[in-house]
Amino acid sequence: MNLRKYLKVYKKFLHTSLASELEYKTNILVDLITAILSLVGSIFLLSIFFQNSGYIGGWKFEQALIIQAIYTILNGITNTWFNPNLTEIVKHIREGTLDFVLLKPIDSQFFISLKKINPSGFLEIMLGFLLLFFCIRINEINLNLIFLTLSLITISCSICILYSLWFFISTTTIWFVKTWNAIEVLRSFLYIGRFPLSSFSFSLRIFFSVFIPIAFITTIPSEVFLGLSVFWKILLEIIVAIIFLINSRKFWLFALKFYSSASS
Amino acid sequence: MISKLINRKILTLLKVQYSNMLEYRVEIALWAISGIIPFFMLNIWTNNNLNESINISDTLLSRYFLCAFFVRQFSVVWVVFSFEEDSLMGKVSPYLIQPLNPFFRYFAQHLAEQITRFPFALIIAFFFFIFNPESIWIPNLGILLLSIVSTFLSFLIQFLIQSIVACLCFWTEKASSIERLLFIPTLFLSGLLAPVVSFPAYVKSWIYLTPFPYLIDFPANLLSGNETNISGGLIMQILWIFILFPLFKKIWSEGTKKYTAMGS
């Protein structure tokens, strides 16, 4: 694996997809408004929950806002990288153009998961960071090196888990061809990530940490921000992230054996 | 004579679309599953005893969210996405030649999909009752009929709104991003995530003038036996249809004049 070659190729990917996306400038504006409204909407929903109760699952409103911020950042990342590329994978498989990808002297997983980029997701990421900084101020979190490294580690683990989940589902396209609706299921489950895990009943909590580790994605990083996290949880998240990444890779290689091209 | 012709057209369209939809059973099942967000919300509400503050008992609230799930299942609209694809691919051109507004085709598609979806929604409801046996109830026939009517009206309102957005495809290539923008207020204000009764007073003062609470909150309240103004709700639904329909006709006739038959 030649790292420099991949970096160079990625630069080209960035250039081409940015150029094509910037053709739709008003679209980016509409997407920005959508991101803002969706954040306002979820804060509104959260405020309804906190209307007559000071704590939800042991979280104060200010603390729950951190989860919203992290969710917004991760959602922005999903919209920037995972979602546009998934659309491409489905197209590749349906039209049989995956052949061309497989023939290229480059790793196919790298190619299909990073080819496209949707710049409007950046705005959502920035929006999330703004809210996060605001939360750091209102929760009076003092920033130090250990805290920063831990939050960086947990958030990158969350990104890895999220990526693997998306990639798992996109890979199933090889068998099912149309996976839009599986994505909708994933999206609706991910929606849970907007709320602290402890606000759900015990059975759902188990479900969302064992079967679909959505719990790990937003709750653990937020706990790190609040200094509530225990060491074993962080360690567990790292392990889960590694398992997911390795398995998404294995699953892709396994699925490729069943790829039979299309209409040729 | 004319009515017979229309009848035949509609029946044929429905039959064709129904057999078409039956091919995608798995997808529709997945789609039905992706609508279970109301159940997660219910879990947050009851698990944190938030419903005490709005004076709705656990049972009534769980019925409300189940009904919200049902209403959502039978009022999902995606015409803008179909129309956008068809218009980008140039498929709209042959439809325009036919002596039938292409939106009838989409309309039949939606109805056929709802029929296909019905058994899956029932299965999900069945599981819901297994977990919440105390919330089982049988609405009386009159209420049931009224709520079917109001769900259908809610579907019509959403179909009209989306068709208007879809017509924007004649001017811009990506009308679906506008739909995504409009979906945000629909999601948060329609009562899918929290009943409108629980909204703070500053929202409640104007929300009943918008179409949103009549999309899910009103039919769901009606069906679940929660307090609601039946005649007022139905009148507002019909009123919105009367406002939206001429708008759609206008934008359709303007749009078809602008049509440039892309992709052909």
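Leaving aside its neighbours within four places in sequence, with which residues is Ala68(B) in contact? The partners are Pro38(B), Gly191(B), Leu192(B), Ile216(B) and Ala220(B), where contact denotes C-beta atoms, placed from the backbone, that lie within 7 Å. The model is a predicted one, in which local features need pLDDT of at least 70, side-chain atom pairs count only at pLDDT 80 or more, and totals for chains, interfaces and linings use all residues. Residues are numbered from 1 along each chain as its sequence is written, while chains are lettered from A and ligands numbered from 1 in the order in which they are written.

**Confidence**

- The predictor assigns the complex an ipTM of 0.86 and a pTM of 0.89.
- For chain B the average pLDDT is 88, and 97% of the residues score at least 70; pLDDT is the predictor's confidence in each residue, from 0 to 100.
- Where pLDDT is low, the predicted coordinates should not be read in detail.

**Architecture of chain A**

- Chain A contains twelve helices and zero strands, with helices (H or I, at least four residues) and strands (E, at least two) taken as DSSP runs numbered from the N terminus.
- The radius of gyration of chain A is 19 Å, which agrees with the value near 18 Å that a compact globule of 264 residues would have; this radius is taken over C-alpha atoms, and the globule rule is 2.2 Å times the number of residues to the power 0.38.
- The C-alpha trace of chain A spans about 60 × 40 × 35 Å along its principal axes.
- Of the 264 residues in chain A, 40% are buried; the cut-offs, for C-beta atoms placed from the backbone, are 20 or more other C-beta atoms within 10 Å for buried, 12 or fewer for exposed, and partly exposed in between.
- Among contacts in chain A between residues at least 6 apart in sequence, 80% join residues at least 24 apart.

**Architecture of chain B**

- Chain B has twelve helices and zero strands.
- A compact globule of 264 residues would have a radius of gyration near 18 Å, and the 20 Å of chain B agrees with this.
- Along the principal axes, the C-alpha atoms of chain B fill a box of roughly 60 × 40 × 35 Å.
- Buried residues account for 41% of the 264 residues in chain B.

**Interface**

- Contacts link 27 residues of chain B with 31 residues of chain A.
- On the side of chain B that touches chain A, α2 (25-33), α3 (37-47) and α9 (176-189) of chain B each supply at least two residues.
- The largest share of that side, seven residues, comes from α9(B).
- The residues of that side comprise 17 nonpolar, seven polar and three charged; Ala, Val, Leu, Ile, Met, Phe, Trp, Tyr, Cys and Pro count as nonpolar, Asp, Glu, Lys and Arg as charged, and the others, Gly among them, as polar.

**Nonpolar core**

- The largest nonpolar core holds 126 residues, of which Ile161(A), Met41(B) and Ala68(B) touch the most other members; such a core is a set of buried Ala, Val, Leu, Ile, Met, Phe, Trp, Tyr and Cys residues joined through C-beta atoms within 7 Å.
- Helix α3 (residues 61-95) of chain A contributes the largest share of this core, 15 residues.

**Surroundings of Phe189(A)**

- Phe189(A) lies in helix α9 (residues 180-190) of chain A, and Phe189(A) is buried because 20 other C-beta atoms lie within 10 Å.
- Leaving aside neighbours within four places in sequence, Phe189(A) is in contact with Ile212(A) and Ile214(A).
- Phe189(A) and Phe208(A) are 19 residues apart along the chain, with 8.7 Å between their C-alpha atoms.

Notes:
Two residues are in contact if their C-beta atoms, placed from the backbone, lie within 7 Å.
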